[in-house]
Structure formats: C-alpha cells, structure tokens
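This briefing covers side-chain contacts and surface features. The sequence and structure come first, and the notes follow by topic.

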Amino acid sequence: MHLAVTIDTEEDNWSDYDSAPVLSNIGRLTELQKLFDRYKVTPTYLISYPVATDKNSISILRKILADGRCEIGAHLHPWNTPPFDEERIPKNTMLFNLDEDLQYRKLESLHAKIVDNFQFEPISFRSGRWGFDQTVARNIQRLGYKVDTSVSPYSSWEKYHGPDFSDRSPMPQKIQVGTGGNSDSWILEVPATIGFLQDNYDLCNRCLKTISGSALRHFRLVGILDKLNIINKVCLSPEPDSAENMIRLAESMKRNGYQILNMFFHSTSLQHGLNHFTETKEEAEELTRRIERFLEYAAAADIRPIKLSGALELTQQGGRN
C-alpha cells in the first residue's frame, strides 16, 4: 500500500474573491516539511496562482523542490487566475462552469508561471473547490498533466454550483480524454481518500444517500448512525477527522483492496484563524499532531510514501503492493 500527501497550497484569504491575496501561511511549510522529512514523505504541494507568483512563496518552495523533497503541482482558483473574462458570480468560482476556452487560458496562465518561476514542469493537478469534469480533464491533458486529484468520493457539491461525486469511489481510474489508447489519450484520476470504516463502501454510500434524500434527514439519522458506529464516513484529512479515524480508514481501505491512500488538507489550516478547521492556535497544533500520528502509523504499517505523480508507475505496474 502507498501514501500520497496532497496539499492545497494557497493564499490566506482564498475564499475572499475581491481582496488582494495574502500569503502568510506559506511560511508554515518549512516546519511542516521537517515533519515530512522525518518520515521520508515527499508531499505534493498543489499551488495556486498567487503562490506561484509570490517571491517569498517561490523562495520557500523552490528550495524544497531543488532538494528533491517535494513535488509541485497546480491548483487553480478561477477568481484570482488571469485572464478575468468571466462574470464575478459564485457559479464561476468553479472552474468546470467556465467555457472550455477560458478554462484553458486560465490553466495555461497558471502553468506558465509555475514553469517560469520553478523551472519545473508540473504534471499533477487539483481544481479549486473540486470544480472538475471531463472538459477540465481534457484541458489539463493538453498542457501535459498526467495525474488529477480533483475528485472527492461520496460527496456532492451541487448546492455550491459544483460537481456531484456522490457515486464515485476512492479507486484511482484512467479518464479517457482522447483516442488511440496510448499514454497521451488519458489522465489518471487519484481521488482524495474518503471512505467508510465499514467494509461494504457501496452499501454504506447507498444508505447515506437514501437517508439524505428522504424525510429521515430531519431526524439527524446520519449522525446517529455515525455515533453508533454503524456507518462512519471518514476523510483521510487531519482537518475534519482525528488521527484514530484516519488510521481506521487506512485499515478499512487495505481490507477493501485499495492500494493508494491520498491524504489531503489546506496549507491555510497550518495557521490558526484562516479557516474554520483551525480557528485557534490549539486546533492548528492538534492538526499537526494528527498528521504526525498518521505518518507514524503509516511507517510502522509499511505504507510506502509516493509523490502524487508516482501513482502513474503503480498503475502501469497493475497496482501491486
């Protein structure tokens, strides 16, 4: 089994669509990287346009990259990535809602800045706010991206003008974007790891969808099932879930035959007060402890770290342990 760690590396005020970006949280990556180094983890920093164009952020990340201690990928927020030709409305904060040509021009703009400022050709991508579909897949493939991680399994973002991934499993999958059947005709989707502590993922998901779509949702039945350990949906993320639940999820994934884990979180969570996950200093410190506890477990369980792009080789090898 293998572990990728993917971090949305972005501006402090990413949800403020009108203000100039602030990037103080990027300084926290130096200490975080020391933790990764201790466990021989090579994280994938998925960087937004403000990060890719900020002198201090570039300096911090270029050193880590030059030492071979990380991978740099792309993470696109439409509202602060030029060109700004779309209407400024909530729907257009989702990349996949923009027309195909504008999508491509924004992607090209971010890609060029990463290449220019890091002297590195990124091949890993995550769309901001999970705003991904087949058109985005086709556009990133045109720019040379090989791996995407924009899918959040068993989740729907439709009420935020986003995609519906509620029937998608955590299993990596080739997405066909062209013809010919060669490596240039597809990209590899490596979803963020979201699953269940129970073994029948499909059944658990169907039950939760049925409850959410019926009058039973008003009785908070989902929360009751979670507390009774009947159906527990868990993210491999230190933001919403404890180290203990992440470890239990990894064990569940292993029992169910999954070979790649994808831990995910935001760089903004490293600095308290920037998002709802870590509103206090104590919560930010707890988040780091959760990461370390899981990495400690992964090392003891012989779960081998990979860069996100390393999933390509595993897929070509047939996903062997």
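**Side-chain contacts in a predicted model**

Asp 167 and Lys 209 form a salt bridge between their side chains, with N and O 2.9 Å apart; a salt bridge is a side-chain nitrogen of Lys or Arg within 4 Å of a carboxyl oxygen of Asp or Glu. The pair joins distant parts of the chain, 42 residues apart: Asp 167 is in the loop between β7 (164-165) and β8 (173-176), and Lys 209 is in helix α6 (residues 201-212). Helices (H or I, at least four residues) and strands (E, at least two) are DSSP runs, numbered from the N terminus. The model is predicted, so local features need pLDDT of at least 70 and side-chain atom pairs count only at pLDDT 80 or more, while totals for chains, interfaces and linings use all residues. Residues are numbered from 1 along each chain as its sequence is written, and side-chain values use heavy atoms, with hydrogens and water left out.

**Salt bridges**

- The count by this rule is 16 salt bridges.
- Asp 167 is exposed at 61% relative accessibility, whereas Lys 209 is partly exposed at 37%; buried means under 20% relative accessible area, exposed over 50%, and partly exposed in between (1.4 Å probe, protein chains only).
- Arg 88 pairs with Asp 18 in a salt bridge whose closest N and O atoms are 3.5 Å apart.
- Asp 18 is exposed, with a relative accessible area of 69%, and Arg 88 is partly exposed at 47%.
- A salt bridge also joins the side chains of Lys 63 and Asp 67, at 3.2 Å from N to O.
- Lys 63 counts as exposed at 53% relative accessibility, and Asp 67 as partly exposed at 44%.
- Lys 63 and Asp 67 belong to a network of salt bridges that also links Asp 37 and Arg 69.

**Aromatic pairs**

- There are eleven aromatic pairs, where rings of Phe, Tyr and Trp (its six-membered ring) pair if their centres lie within 6.5 Å, and planes under 30 degrees apart count as stacked, over 60 as edge-to-face and the rest as tilted.
- The rings of Tyr 154 and Phe 196 form a tilted pair, because their planes are at 50 degrees, with centres 5.1 Å apart.
- Tyr 154 is in the loop between β5 (147-148) and β6 (155-156) and Phe 196 in strand β10 (residues 194-196), so the pair links distant parts of the chain, 42 residues apart.
- Tyr 154 and Phe 196 are both buried.
- The rings of Tyr 201 and Tyr 258 are stacked, because their planes are at 20 degrees, with centres 5.6 Å apart.
- This pair links helix α6, which holds Tyr 201, to the loop between α8 (243-255) and β12 (260-266), which holds Tyr 258, 57 residues apart.
- Tyr 201 is buried at 4% relative accessibility, and Tyr 258 is buried at 9%.
- Trp 130, Trp 157, Tyr 160 and Phe 264 are linked by ring pairs into a cluster.

**Charges over rings**

- Arg 142 lies over the face of Tyr 104, 3.7 Å from the ring centre; a charge sits over a ring if NZ of Lys or CZ of Arg is within 6 Å of the ring centre and within 35 degrees of the ring normal.
- Lys 174 lies over the face of Trp 186, at 4.3 Å from the ring centre.
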